Amino acid sequence: MSKDLKSMEQEHANRNSKTFAEHLEQNGISRRGFLKFCSSMTAALALPAGSADVMAKALAAARRPTVIWLSFQECTGCTESITRSYSPTIENLIFDFISLDYHHTLQVAAGQQAEEAKEHAMKESYGKYLLIVDGSIPTKDGGIYSTIAGRTNLDLLEEAAAGAAAVVAVGTCAAYGGLPMAKPDPTGAVPVSALVKDKPIMNIPGCPPIGLVMTGAIAHFLTFGRLPDMDELGRPKAFYGDSIHDRCYRRTFYDQGLFAKAFDDEGARKGWCLYELGCKGPTTHNACATLKWNDGVSFPIESGHPCLGCSEPNFWDAGSFYEALSVPQGRTGETILKAGAIGVGVGAAAAALNRSNKSAAVEGRETITVEDLKRES
Amino acid sequence: MSKPSVEKGIQFIKAQIDAPVASFFSSCVHCGLCAEACLFYTETEDPKYTPINKVEPMRRIWEQEYTVLGKLKSALGLSKPIDEATFKEWETLVYDGCTLCGRCSVACPLGNDISGMIRKSREGFAAAGYAPPDLIGATQRAMEIGSPMGVKLPAVKAQIRHLEEDTGLKVTIDQQGAEYMVLLSSMEIMNFPEYLEAIARIMRQAGKTWTIASTAFEATNSGIQIGVSDLAKVIVSRIVDAAESLGVKTVISPECGHAYTAVRWEGPNLIGRPYKFEVKHILEILDEFTKAGLIKTEGMEEARLTYHDPCQIARKGGIVEQPRRLLNKVASNFVEMRDAGAMNWCCSGGGGVSANERAEGLKLKAFKRKKTQLDELQVDTLVTACANCRLTLEEGLEENGMDIPVVGLTEMVADHLVEEERGS
């Protein structure tokens with residue numbers, strides 16, 4: 001028994017001393033495959049093209065970073081999404097590579113041993129580890145509504161955050177409160193950012209978020225030693241910079257005013273815009289329309305269902321999922337609306353100019369016959 | 001009617017730029033993933049073959065004509081002009097270095113249809129007089145004789161006569177009210193006469209009426225390959241007129257990739273209205289017949305064989321499952337190629353490349369991709385469903401000293417057909 005434990009510890013130490021490049025090689029991933037991953041990841045993060053090289057060098061030499069994953073008031077959907085494996089990809093291997101020293105769903109150890117592993121990891125990598133949190137934290141009545149090993153989530157977060165280099169809030173619950181915080185909010189749930197004030201925090205919202213976004217953030221952290229650029233809601237801009245609507249393949253129908261009015265009408269069958277069926281795409285920022293889900297197979301709108309807006313704050317309390325957005329929602333004030341109106345006007349004028357430019361080109365173009373193909377040289 | 005010129009080329013490209021093209025250019029993040037998807041890049045490792053670079057003239061025209069910044073840059077003399085040199089340089093990228101296989105469009109993480117834009121760019125190159133001479137010749141023959149290879153009706157009739165003498169089957173021409181109208185590609189008439197015989201036997205077994213139109217037996221469309229919509233429209237109209245005057249229910253596209261794309265997808269857009277008949281690829285018909293129990297097969301090919309997905313049929317046409325269902329009925333040792341199905345690699349001769357003599361060297365270089373795929377498998381036989389792929393593959397295999405016969409799937413099915421007498 002003690003021998004087993006010893007050999008396990010030895011193995012753990014060996015793994016810890018391995019670089020990422022060695023880890024990949026052992027798992028049969030070629031250098032070429034690795035460089036391809038770095039280029040596509042650089043593209044996904046919207047980094048300059050030269051960064052692929054930088055990322056390749058940094059990742060290849062990276063030692064296993066310690067990651068502690070705390071799960072609070074959550075449904076494990078985020079873990080499901082992130083560990084979902086399609087085939088052994090480098091994305092999965094990044095997860096194998098990071099030293100996930102504590103994750104109560106994934107780890108083998110339980111009870112006392114598990115808690116010890118966490119304390120050990122926290123002590124050993126104090127100030128350097130990455131803390132990942134999924135789920136919101138109940139604060140009402142001293143936080144007694146969610147406890148692990150007899151301690152409240154509130155207490156656990158405070159302790160773990162103190163020694164973290166950065167905190168990543170995964171899922172809408174950890175990022176913005178999510179379902180537990182929805183009315184009537186019986187537990188007094190709050191997001192991570194309401195409690196942790198002195199550490200860099202990155203939010204990766206979504207119910208659940210896309211696995212690749214998570215990998216991207218970790219790759220960025222390993223390469224540059226810091227979190228990627230974020231928007232005012234703490235989300236990495238590379239993935240949450242555009243709205244679903246702006247990147248939606250059904251956008252052309254919206255622009256033409258062609259809407260599905262019911263889930264079984266002609267418009268729905270023709271794949272028209274789902275705006276009138278309650279699509280929250282125009283107010284939702286996420287990468288679903290470009291990265292898609294399940295290894296790029298599809299995303300809700302492509303499967304015929306409106307976007308629920310799951311990566312935005314308070315999405316549970318934003319009215320019915322099936323009610324059309326009446327006014328542009330979100331972080332807009334009247335001024336922005338006015339500015340928007342002017343912008344629309346300018347845009348429309350430019351578009352009209354281009355349209356006339358284009359129709360002149362179409363009309364001015366003469367019919368071609370076979371004789372017109374040969375150039376005199 | 002005016003002489004080809006740079007101005008004309010620019011105007012034609014300008015007329016091709018629509019909202020999707022504008023959004024594609026605005027959303028390109030220069031990630032370069034399309035390069036890795038293109039066999040001309042992977043086999044030459046020359047960055048000029050990066051698909052998005054092939055539409056650079058179109059991008060410049062879009063920027064200069066339709067964007068505020070581009071107009072400003074032009075006004076300040078900062079933008080690169082489009083001139084004779086530009087057309088000359090890009091001609092070989094747009095025609096010789098692209099088979100319109102569409103793999104780049106599928107690989108683009110932003111969903112930009114790059115191969116569609118290359119197809120559109122060709123409109124401008126043809127109008128400017130920068131199309132390959134061989135494609136111009138083929139288009140001329142298609143317009144004047146009716147077929148890019150110069151095949152005339154008597155040649156088809158002669159083939160039908162041979163077929164009738166050899167097999168005792170009957171083939172009708174211009175039969176009013178037949179259920180199916182069968183199209184052929186020149187290559188099938190000239191190089192692969194087995195195809196017509198296979199059709200005749202399968203149709204008789206299925207108990208279906210079919211005919212060949214004397215005015216529209218040719219399925220290929222050189223207008224699409226060279227990129228002149230005006231001519232492509234004339235060519236596709238021959239098929240539409242014949243099919244509608246004969247009153248057929250379904251037109252069957254032969255084992256030819258671009259013919260299928262031309263008549264099924266581009267045709268209705270070219271003539272500006274839906275057809276009064278359906279267009280199906282022969283593989284779809286065979287799959288329907290076997291599913292409905294109209295035809296049965298017996299015996300199995302025992303040779304180790306694989307299937308090459310023609311780009312226009314699989315990636316652009318969505319016909320991926322049908323050939324597999326058919327193959328599994330007639331072959332016991334069918335293995336899949338790496339990247340089979342919608343992401344398969346082009347044979348290297350599509351989109352007019354095989355008809356373009358001067359592109360031969362480049363084509364054979366690009367064929368190395370297929371060679372690599374085949375080397376991994378070590379098969380005895382290669383099956384495909386496109387006459388152009390078939391010819392390109394045969395040439396490539398021969399050049400590389402690989403002794404692998406290439407067979408059309410329709411013929412393979414016909415070889416295993418259970419033929420029984422039906423009361424007529």
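Leu373(A) counts as buried in this predicted model, because 22 C-beta neighbours lie inside 10 Å of this residue, and the threshold for a buried residue is 20 or more. Leu373(A) belongs to the segment that follows helix α17 (334-364) of chain A.

**Leu373(A) and its contacts**

- Leaving aside residues up to four places away in sequence, Leu373(A) touches Pro4(B), Ala126(B), Gly129(B), Ala131(B), Ile136(B) and Thr139(B).

**Glu276(A), a loop residue**

- Glu276(A) is located in the loop that connects α15 (266-269) and α16 (288-291) of chain A.
- Glu276(A) is classed as partly exposed because 18 other C-beta atoms lie within 10 Å, a count between the limit of 12 or fewer for exposed residues and that of 20 or more for buried ones.
- Residues up to four places away in sequence aside, the contacts of Glu276(A) are Phe259(A), Ala260(A), Lys261(A) and Ala324(A).
- Ala262(A) is 14 residues from Glu276(A) in sequence, and the two C-alpha atoms are 8.5 Å apart in space.

**Two packed helices in chain A**

- Helix α4 (residues 51-61) of chain A packs against helix α11 (residues 211-224) of chain A at an angle of about 80°, and their axes are 8 Å apart.
- The two helices α4(A) and α11(A) are therefore roughly perpendicular, since angles of 65 to 115 degrees fall in that class.
- On the α4(A) side, Val54(A), Met55(A), Ala58(A) and Leu59(A) take part in the contact, and they meet Ala219(A), Leu222(A) and Thr223(A) of α11(A).
- The residues of this contact between α4(A) and α11(A) comprise 6 nonpolar, 1 polar and no charged.

**The sheet of chain B**

- In general, the strands of a sheet pair through backbone hydrogen bonds, in either a parallel or an antiparallel manner.
- In chain B, 4 strands make up an open sheet with parallel pairing, in the order β2-β1-β3-β4.
- Strands β2 (210-211) and β4 (278-281) of chain B are the edge strands, and each of them pairs on one side only.
- Strand β1 (residues 180-182) of chain B runs parallel to strand β3 (residues 250-253) of chain B, and 3 bridges join them.
- Val182(B) stands opposite Ile252(B), which is in β3(B).
- Helix α17 (residues 257-271) of chain B packs on the sheet and touches β3 and β4 of chain B, with a direction at about 155° to that of β3(B).
- Helix α18 (residues 282-291) of chain B also packs on the sheet, where it touches β3 and β4 of chain B, and its direction makes about 85° with that of β4(B).

Conventions. Residues numbered from 1 in each chain as written. Chains lettered and ligands numbered in written order. Predicted model: local features only at pLDDT ≥ 70, side-chain atom pairs only at ≥ 80, totals over all residues. Pairing = 2+ DSSP bridges. Contact = placed C-beta atoms within 7 Å. Axes fitted to C-alpha atoms, helices over the stretch in contact; angles between N-to-C directions. Parallel < 35°, antiparallel > 145°, perpendicular 65-115°, else oblique. Nonpolar A, V, L, I, M, F, W, Y, C, P; charged D, E, K, R; others polar.
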